[in-house]
Amino acid sequence: MLRVIIYQGSISIFVALVFLSLDSTTILPSIYGGVVSIINTLLLARSVDAAGKAASEQEQTRSALVLIKSVVIRFALVLVSFFIGIVYLKLAAIEILTAFALAQLGYVFYKSKNIY
């Protein structure tokens with residue numbers, strides 16, 4: 001799990017440096033987008049562990065509910081985080097979204113069978 005977080009953080013820093021080279025004034029929006037992605041990954045890992053535990057206890061319904069609840073919570077968290085970052089913190093939307101998207105893609109490409 002730590003490997004994935006380091007990978008996502010590295011992608012976020014790389015995106016921040018790219019935007020800095022393109023005349024961005026700060027790295028904060030890219031780091032913010034990367035942190036949102038990392039928090040999303042941590043919540044996913046927690047829910048997969050909880051669902052796995054429920055499944056091993058032969059509680060298939062609870063296992064499915066844990067995963068569904070996780071999807072809803074993570075979706076809401078991402079939307080609220082974007083709203084806060086763009087509207088209240090007045091960070092550059094394109095930088096937040098780019099860092100988030102690339103960090104999420106990094107998660108997809110880096111994960112392995114033993115990620116959790």
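We'll go from the overall layout to a few side chains.

Tutor: Before we start, this is a predicted model, where local features need pLDDT of at least 70, side-chain atom pairs count only at pLDDT 80 or more, and totals for chains, interfaces and linings use all residues. Residues are numbered from 1 along each chain as its sequence is written, and side-chain values use heavy atoms, with hydrogens and water left out.

Student: How many helices and strands does the chain have?

Tutor: Helices (H or I, at least four residues) and strands (E, at least two) are DSSP runs, numbered from the N terminus. Here you get four helices and zero strands, in the order α-α-α-α.

Student: What span does helix H2 reach, and what is expected?

Tutor: The expected span is 1.5 Å times one less than the number of residues. H2 (residues 28-56) has 29 residues and reaches 42 Å from first C-alpha to last, close to the expected 42 Å. Just after H2, glutamine 58 takes a positive phi of about 60°.

Student: Is glutamine 8 buried or exposed?

Tutor: Buried means under 20% relative accessible area, exposed over 50%, and partly exposed in between (1.4 Å probe, protein chains only). Glutamine 8, in helix H1 (residues 2-21), has a relative accessible area of 0%, so it counts as buried. Across the chain, buried residues make up 37% of the 116 residues.

Student: What does glutamine 8 touch?

Tutor: Contact means heavy atoms within 4.5 Å. Leaving out residues up to four places away in sequence, glutamine 8 touches Ser37, Ile38, Thr41, Ala103, Gln104 and Tyr107. Its side chain also makes a polar contact of 3.0 Å with that of serine 37; such a contact is a pair of N or O atoms within 3.5 Å, and within protein, one must be able to donate a hydrogen and the other to accept it, while residues adjacent in sequence count only if both atoms are side-chain atoms.

Student: How many aromatic pairs are there?

Tutor: A pair of rings is described by the distance of the centres and the angle of the planes. Rings of Phe, Tyr and Trp (its six-membered ring) pair if their centres lie within 6.5 Å; planes under 30 degrees apart count as stacked, over 60 as edge-to-face and the rest as tilted. The whole structure has two aromatic pairs. Phenylalanine 82 and phenylalanine 100 are edge-to-face, at 5.1 Å centre to centre and 90° between the planes. Phenylalanine 82 lies in helix H3 (residues 60-88) and phenylalanine 100 in helix H4 (residues 93-110), so the pair ties together parts 18 residues apart in sequence.
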